[in-house]
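Please look through the sequence and the 3D structure shown here before reading the notes that follow. They are meant for a reader who is meeting this protein for the first time.

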Amino acid sequence: FQNQKASPMRLSDKCAVHAYHYAYAQYVMPLVREFKQGRVLQPKILEIGLGCGQSNVGAGVRMWDALFATEPGTTHRQLNLHVLEFDQKCVKMWKARWASSFKKVNLTIFVGSQSDRAILSQFGDGYDAIIDDGGHTMIQQKMSLDVLFSKVKPGGWYCIEDLITSYLPQYKQANSITTVELLNKMQRWMHGDPAEPSGELKNYVHILPLIEHIACYTELCVLKRYPSAKTGVHERI
């Protein structure tokens with residue numbers, strides 16, 4: 001954010017660089033429609049990463065602010081948008097300069113690392129959606145999924161963006177599988193592979209029975225939580 005030209009008014013890379021709009025058309029837009037129709041009054045979304053260090057820092061906030069816009073004066077219907085960002089100085093500068101531009105959402109920015117279990121554990125339950133667009137390292141993505149997926153409400157979803165980093169050496173974790181490999185093991189367990197859970201997947205047995213499906217698109221995967229308690233699959237763990 002030291003770049004004075006950095007602005008949330010620049011294009012979000014979710015669509016301009018990546019093709020995430022295909023996935024979000026299936027997951028974000030149904031929630032937007034329910035909100036517009038008044039069936040969901042106070043949706044709750046957590047996005048990891050404000051975008052500090054990028055020229056479009058805060059573009060995600062602008063996107064949510066536009067998608068969940070309401071009529072002026074409307075107070076009973078508003079998106080509760082939580083953002084977790086590691087760069088405290090960037091957050092302070094961005095809030096002073098830009099936060100007042102986005103009043104359609106109820107925005108709260110938390111400062112902390114997504115690889116810190118204690119930080120992640122402080123978030124409450126009941127999220128309609130959680131989007132991991134943070135630091136993209138294996139330890140960050142896997143730690144966040146481990147702690148935060150159970151905080152998604154039944155019927156909600158969890159998205160991990162920029163999965164290309166599973167193939168980039170600088171993002172990998174020594175002596176550990178990648179995020180893509182972890183998701184693959186989850187899918188194998190879901191399909192009934194008797195060899196699973198094994199290895200690192202054993203660390204995720206607390207969330208496996210909650211996952212209804214995993215849908216993968218270009219560079220991202222979405223994990224949908226069952227809308228209600230599911231029985232039977234627990235016996236396989």
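The briefing below goes from the overall layout to the cores, the helices, a pocket and some details of the backbone.

This is a predicted model, in which local features need pLDDT of at least 70 and side-chain atom pairs count only at pLDDT 80 or more, while totals for chains, interfaces and linings use all residues. Residues are numbered from 1 along each chain as its sequence is written, and side-chain values use heavy atoms, with hydrogens and water left out.

**Overall layout**

- The protein has seven helices and seven strands, where helices (H or I, at least four residues) and strands (E, at least two) are DSSP runs numbered from the N terminus.
- Read from the N terminus on, these elements follow the order α-α-β-α-β-α-β-α-β-α-β-α-β-β.
- Of the 237 residues, 49% count as buried, a word that stands for under 20% relative accessible area, with exposed meaning over 50% and partly exposed in between (1.4 Å probe, protein chains only).
- Among contacts with a separation of 6 or more, 75% are made by residues 24 or more positions apart, and a contact here means heavy atoms within 4.5 Å.

**Nonpolar cores**

- The largest nonpolar core holds 33 residues, and I45, L50 and W157 have the most contacts inside it; such a core is a set of buried Ala, Val, Leu, Ile, Met, Phe, Trp, Tyr and Cys residues joined through side-chain atoms within 4.5 Å.
- Among the elements that give two or more residues to this core are helix 2, helix 3 (59-67), strand 2 (79-85) and helix 4 (88-98), and helix 2 gives the most, with seven residues.
- When residues up to four places away in sequence are not counted, I45 touches L31, W64, F68, L79, N80, L81, H82, Y127, A129 and I131.
- A second, separate core has 30 residues, including L120, I130, L182 and I214.

**Helices and what covers them**

- In helix 3 the buried residues are A59, G60, V61, W64 and D65, and what covers them includes helix 2, strand 1, strand 2, helix 4, strand 3 and strand 4.
- Helix 6 is mostly covered, with ten of its eleven residues buried, among them M138, Q140, D146 and L148.
- The cover over the buried residues of helix 6 includes strand 1 (44-48), helix 5 (117-121), strand 4, strand 5, helix 7 and strand 7.
- Two packed helices are described by the angle between their axes and the distance between the axes.
- The axes of helix 6 (residues 138-148) and helix 7 (residues 179-190) come within 9 Å and cross at roughly 35 degrees, where axes are lines fitted to C-alpha atoms, for helices over the stretch in contact, and angles run from 0 to 180 degrees between N-to-C directions.
- On the helix 6 side M138, Q141, K142 and L145 take part, and they meet T179, L182 and M186 of helix 7.
- The residues of this contact divide into four nonpolar, two polar and one charged; Ala, Val, Leu, Ile, Met, Phe, Trp, Tyr, Cys and Pro count as nonpolar, Asp, Glu, Lys and Arg as charged, and the others, Gly among them, as polar.

**The second largest pocket**

- About 240 Å³ of space lies in the second largest pocket, a volume being the space filled by probe spheres set on grid points, which are joined across faces, edges and corners.
- On a 1 Å grid over the protein atoms alone, where a cavity is a set of points that a 1.4 Å probe fits but cannot leave, a pocket is an open set with protein on both sides within 12 Å along at least five of seven lines, and lining residues have an atom within 4 Å of a point.
- Of the 13 residues that line this pocket, the closest to its centre are Y27, E34, G155, W157 and K224.
- Helix 2 (21-36) and strand 5 (152-160) are the elements that give two or more residues to the lining, whose residues divide into six nonpolar, three polar and four charged.

**Backbone details in loops**

- Most residues other than glycine have a negative phi, and most peptide bonds are trans.
- N175, in the loop between strand 5 and helix 7, has a positive phi of about 55 degrees although it is not a glycine, and N175 is exposed, with a relative accessible area of 85%.
- E219, in the loop between strand 6 and strand 7, has a positive phi near 70 degrees and counts as partly exposed at 27% relative accessibility.
- A cis peptide bond with omega of about 5 degrees joins E196 and P197, and P197 is found in the loop between helix 7 and strand 6.
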